[in-house]
Amino acid sequence: MTQHDAMVRPDRRAELATALGQVRARIADACVAAGRDRSAVTMIAVTKTYPAGDVVALAGLGATDVGENRDQEAAPKAAEVAAAGVAPRWHFIGQLQRNKCRSVVRYADVVHSVDSVRLAGALARAAEARDRPLEVLAQVSIDGDPARGGALPDSVDPDRGLGAVTGALAEAAGMRFTGLMAVAPLGWEPERAFARLAEVAAAVRQDHPGATALSAGMSADLEIAIRFGATHVRVGSALLGMRPTLR
């Protein structure tokens, strides 16, 4: 038995294998329905509140893109996974505080949630210590509510306006601006939310043609997100089960 085999109960590995097969089938079917190539969509396993052993098991099953929301959980988990000899591709997808940037850039390969020029600057300064560029996405506020996370698409605010944020990301040394991320706002039907996101993404690509990544869709609405062009879907409960209540 290897070190990483010992981290995962056989019954848990079997549960994850079954769920992963189901999610992969959903993604494949959604790609067929949308007339898209299956290889164009990456599944990110959102492992927040779940142990390092689940990450190790998923990587062994071929699910090597892993998403985390909180640095205080993600940093030690990434270290534990690395100590087991496993190297998934870590995506930081939660709201990021500027004082956490130096920690996040040590393990994350991609940050999805940059929503201000100030955060872009802090992340760029932290990324200078890396040996390869940090991939970054700008988080979009689909409904334009400034009280929630996300850059504002129709705003010229010098810190939170989407144009200002994408410009800062594209110009920063040590980072590579790859696209947009969004969460469907509460109360919005997924079709409305992802259609709006697709419009915003098309406008951003006018200025940044290489920013083709679109991180959208979760367990309940991934098919709709794929229909509207998502290249990355963030799957938690459908893959790992319902999470315990966060305290």
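**Entry 1**

I started with Lys 77, which counts as buried at 6% relative accessibility (buried is under 20% relative accessible area, exposed is over 50%, partly exposed is in between, with a 1.4 Å probe and protein chains only). Before going on, I noted that this is a predicted model, where local features need pLDDT of at least 70 and side-chain atom pairs count only at pLDDT 80 or more, while totals for chains, interfaces and linings use all residues. Residues are numbered from 1 along each chain as its sequence is written, and side-chain values use heavy atoms, with hydrogens and water left out.

What does Lys 77 form a salt bridge with? I found Glu 73, with the closest N and O atoms 2.7 Å apart (a salt bridge is a side-chain nitrogen of Lys or Arg within 4 Å of a carboxyl oxygen of Asp or Glu). Both residues sit in helix α3 (residues 71-83), and being 4 residues apart they are separated by about one helical turn. Helices here are DSSP runs of H or I with at least four residues, strands are runs of E with at least two, and both are numbered from the N terminus. Glu 73 is buried as well, with a relative accessible area of 18%.

**Entry 2: other salt bridges**

I ran the salt-bridge rule over the model, and the count came to 16. One of them joins Arg 89 to Asp 65, with 3.7 Å between the closest N and O atoms. Arg 89 is in strand β3 (residues 89-92) and Asp 65 in strand β2 (residues 65-68), so this pair ties together parts that are 24 residues apart in sequence. Is Asp 65 buried or exposed? Asp 65 is buried, at 14% relative accessible area, whereas Arg 89 is partly exposed at 31%.

Arg 132 is in the loop between α5 (117-127) and β5 (134-139), and Asp 109 is in the loop between α4 (101-107) and β4 (110-114), so the link spans 23 residues in sequence. Arg 132 is partly exposed at 43% relative accessibility, and Asp 109 is buried at 12%.

**Entry 3: rings**

How many aromatic pairs does a search of the whole structure find? I got 0. The test was ring centres of Phe, Tyr and Trp (its six-membered ring) within 6.5 Å, with planes under 30 degrees apart stacked, over 60 edge-to-face and the rest tilted. I did find the charged end of Arg 192 over the ring of Trp 188, 3.5 Å from its centre (NZ of Lys or CZ of Arg within 6 Å of the ring centre and within 35 degrees of the ring normal).

**Entry 4: Ala 14**

I looked up Ala 14 in helix α1 (residues 10-34). Ala 14 is partly exposed, with 43% relative accessible area. Its C-alpha is 9.5 Å from that of Ala 57, 43 residues apart along the chain.

**Entry 5: whole chain**

I counted 9 helices and 8 strands in the protein chain. Buried residues make up 51% of its 247 residues. The C-alpha atoms fill a box of roughly 55 × 45 × 35 Å along the principal axes.
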